[in-house]
Amino acid sequence: MAEPGAILESQESSVKTSDRKPLSKFVLASYAAPATPLALAGLPIAVYLPVIYADSDGFGLSLTVVAVLITLSRFTDVITDPVIGFISDRLRTRWGRRKPFILLGTPIYAAGMWLLFITPDGFEDVTFLSWTFSGGYPWMFCMMSLLYLGSTIKDLPYSAWGAELSQNYHERTLIMSWRESFTVGGSLISAFIPAVILLFGYTKPTDAVYVLVTGMCILMPVLVTNALINVPEFPVVERTTKRIPLIAGLKVVIKNRPYIFLIIIFAFSSIGSAMTNSLSFFFVKHVLVAGDLYGLYLAPYFVCQLAAIPLWFKLSRKIGKHRATMCAIGWYALWSCFIPLIAIAPAEWFTAFRIPLLLDFLPHETHQSIVEYFDGIETGKFLFFIIIMCLKGSAIGALSALPSAMAADVIDLDTATTGEQRAGAYFSIWSMVRKAAYAVGVTIGLSLAVYFGFDSLADPLSTTNTAFTLFMVACIYSVFPALFQFIGMPLLWIYPLTEEKVKEVQAEIERKKNSARL
């Protein structure tokens with residue numbers, strides 16, 4: 001993984017704080033490091049879950065039912081997310097109010113992850129109320145519910161903890177950039193693992209998932225423990241001792257206009273991302289007919305995400321976080337439009353991009369082995385697709401890090417209004433919306449593909465999927481998600497919380513805190 005300290009060094013020098021010293025690189029890295037194993041888990045959940053349960057190389061379950069179960073498993077978050085956020089804001093222990101939840105949620109999350117993906121060799125049919133169905137359906141639903149419960153307990157306090165590490169507008173972006181760097185670094189590792197094991201003959205998604213989940217279960221406890229020990233959780237300083245009840249607190253959150261803007265923007269963005277991720281493998285396998293090379297596509301895609309983060313950070317300092325997010329959406333949408341064209345264009349257009357042709361300079365024996373390895377695969381389209389996806393992927397880091405940093409700024413408005421520091425409540429709603437939107441996106445993406453006749457169990461080389469069906473899969477994979485991203489553009493244009501406004505709010509909070517101390 002690239003060294004975030006080197007990538008973000010120029011950013012850190014420009015950070016100024018008011019009453020706290022700037023966070024050291026070690027503290028920033030310790031806080032951000034748990035995002036790496038989380039990203040190792042993110043690829044199986046986002047990309048491989050539908051493949052493991054609904055592909056011909058997996059359990060062969062119904063793609064539509066799998067999509068519905070993913071959505072239903074998120075319904076519990078409507079209750080658990082606000083409750084965990086509310087309790088986390090009010091908990092007072094000698095270890096802080098965020099760290100105990102992270103310690104509790106980590107093993108629950110790891111257990112759910114292991115049981116969801118490292119499944120039995122097969123599922124027998126079960127009968128319930130005269131209805132016979134595969135045992136894979138209830139197993140998948142229960143393990144997803146366990147996984148998401150652990151995620152709620154662990155991730156909400158973790159996000160709130162990061163928002164409370166600094167009161168500085170730009171240092172918050174720095175914290176999120178470090179976390180995003182470790183996230184993309186973990187995604188990069190998870191992307192290279194399928195490519196590496198491909199060299200040893202392990203081409204099935206189940207092989208890659210086993211390595212990824214095992215790595216996550218080993219790394220996560222180590223890095224979380226390091227963060228709990230070495231990252232400070234600053235004492236809570238509130239100007240009021242009166243507690244706002246849960247329902248009343250949620251009403252205050254709803255009245256926070258910039259936060260509602262962010263929630264709407266982020267919800268539609270998550271729907272679009274879920275549609276892309278859920279169809280990613282199916283697009284490469286059935287449209288590009290290059291399923292065995294899927295791991296080779298992921299690695300450069302995440303490299304570009306990581307490399308572009310400092311550029312988006314610099315842009316946000318010049319034009320503001322919301323304007324930079326608008327630019328990222330536009331860049332993302334631009335390159336998304338090319339993907340359906342790749343799907344319908346004749347293979348002859350991409351002759352210059354064929355991998356054996358580009359590597360013709362290699363020794364004859366080496367080149368011949370490459371020709372044999374890629375025999376039957378249209379590598380011209382595949383390589384051109386990778387180039388387009390790298391350009392598109394360079395915006396993904398911004399679409400994740402910048403809204404998170406904006407959410408931390410928005411919480412200051414609540415602190416100025418209520419006198420309480422309630423990052424947990426805000427991030428609980430943020431997480432609940434993200435999870436629900438993502439589940440809806442998976443359902444929309446997979447259901448639309450099935451609606452247009454897509455059969456995930458078809459043989460790509462002698463497919464029963466029509467050309468129109470495959471074209472629509474390409475559109476659902478790329479163009480439709482870009483349209484969802486664009487929904488947030490008008491709200492970003494009128495977004496009211498500029499850098500100057502944030503500084504005014506923070507100054508008001510400091511003034512009231514000082515008055516309370518006196």
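Q: When does a charge sit over a ring, and which ring has R323 over its face?
A: A charge sits over a ring if NZ of Lys or CZ of Arg is within 6 Å of the ring centre and within 35 degrees of the ring normal. This is a predicted model. In it, R323 lies 4.6 Å from a ring centre, over the face of W493. The ring asked for is that of W493.

Q: At what distance from the ring centre does K154 lie over the face of Y109?
A: This is another charge over a ring, with K154 over the face of Y109. The distance to the ring centre is 4.4 Å.

Q: How many helices and how many strands does the chain have?
A: The chain is 518 residues long, and 57% of them count as buried. Its elements are 24 helices and two strands.

Q: Among contacts between residues at least 6 apart in sequence, what share join residues at least 24 apart?
A: Contact means heavy atoms within 4.5 Å. Take the contacts in the chain between residues at least 6 apart in sequence. The share joining residues at least 24 apart is 85%.

Q: Are the rings of Y31 and W161 stacked or edge-to-face?
A: A search of the whole structure finds 16 aromatic pairs. In the pair Y31 and W161, the ring centres are 5.7 Å apart and the planes stand at 90°. Planes over 60 degrees apart count as edge-to-face. The angle of 90° therefore makes the pair edge-to-face.

Q: How many residues apart in sequence are the parts that the pair of Y31 and W161 ties together?
A: Y31 belongs to helix 3 (residues 25-32). W161 belongs to helix 8 (residues 136-164). Both residues are buried. The pair therefore ties together parts whose separation in sequence is 130 residues.

Q: Which residue forms one aromatic cluster with Y31 and W161?
A: Y31 and W161 are an edge-to-face pair. They form one aromatic cluster with a further residue, Y158.

Q: Is Y451 buried or exposed?
A: The rings of Y451 and F452 have centres 5.2 Å apart and planes at 80°, so this pair is edge-to-face. F452 has 23% relative accessibility and counts as partly exposed. Y451 has 65% relative accessibility, and the cut-off for exposed is over 50%. Y451 is therefore exposed.

Q: What distance separates the C-alpha atoms of G96 and W161?
A: G96 lies in the loop between helix 6 (77-90) and helix 7 (99-117). At 16% relative accessibility, G96 counts as buried. Along the chain, G96 and W161 are 65 residues apart. Their C-alpha atoms are separated by 9.9 Å.

Q: Which residues does G96 touch, not counting those up to four places away in sequence?
A: G96 is a loop residue, placed between helix 6 and helix 7. Leaving out residues up to four places away in sequence, G96 touches L91 and E233.

Q: Which residues does S269 touch, not counting those up to four places away in sequence?
A: S269 sits in helix 12 (residues 257-287). Its relative accessible area is 10%, so S269 is buried. Leaving out residues up to four places away in sequence, S269 touches F484 and Q485.

Q: Near what value is phi of V289?
A: V289 is placed in the loop between helix 12 and helix 13 (294-319). At 26% relative accessibility, V289 counts as partly exposed. Its phi is positive, in a residue other than glycine. The value is near 50°.

Q: Which residues are closest to the centre of the second largest pocket?
A: This pocket has a volume of about 320 Å³. Its lining has 18 residues. They divide into eight nonpolar, four polar and six charged. Closest to the centre are K285, A290, G291, D292 and P460.

Technical notes: Residues are numbered from 1 along each chain as its sequence is written. This is a predicted model: local features need pLDDT of at least 70, side-chain atom pairs count only at pLDDT 80 or more; totals for chains, interfaces and linings use all residues. Side-chain values use heavy atoms; hydrogens and water are left out. On a 1 Å grid over the protein atoms alone, a cavity is a set of points where a 1.4 Å probe fits but cannot get out, and a pocket is an open set with protein on both sides within 12 Å along at least five of seven lines; lining residues have an atom within 4 Å of a point. Grid points are joined across faces, edges and corners, and a volume is the space filled by probe spheres set on the points. Ala, Val, Leu, Ile, Met, Phe, Trp, Tyr, Cys and Pro count as nonpolar, Asp, Glu, Lys and Arg as charged, and the others, Gly among them, as polar. Rings of Phe, Tyr and Trp (its six-membered ring) pair if their centres lie within 6.5 Å; planes under 30 degrees apart count as stacked, over 60 as edge-to-face and the rest as tilted. Helices (H or I, at least four residues) and strands (E, at least two) are DSSP runs, numbered from the N terminus. Buried means under 20% relative accessible area, exposed over 50%, partly exposed in between (1.4 Å probe, protein chains only).
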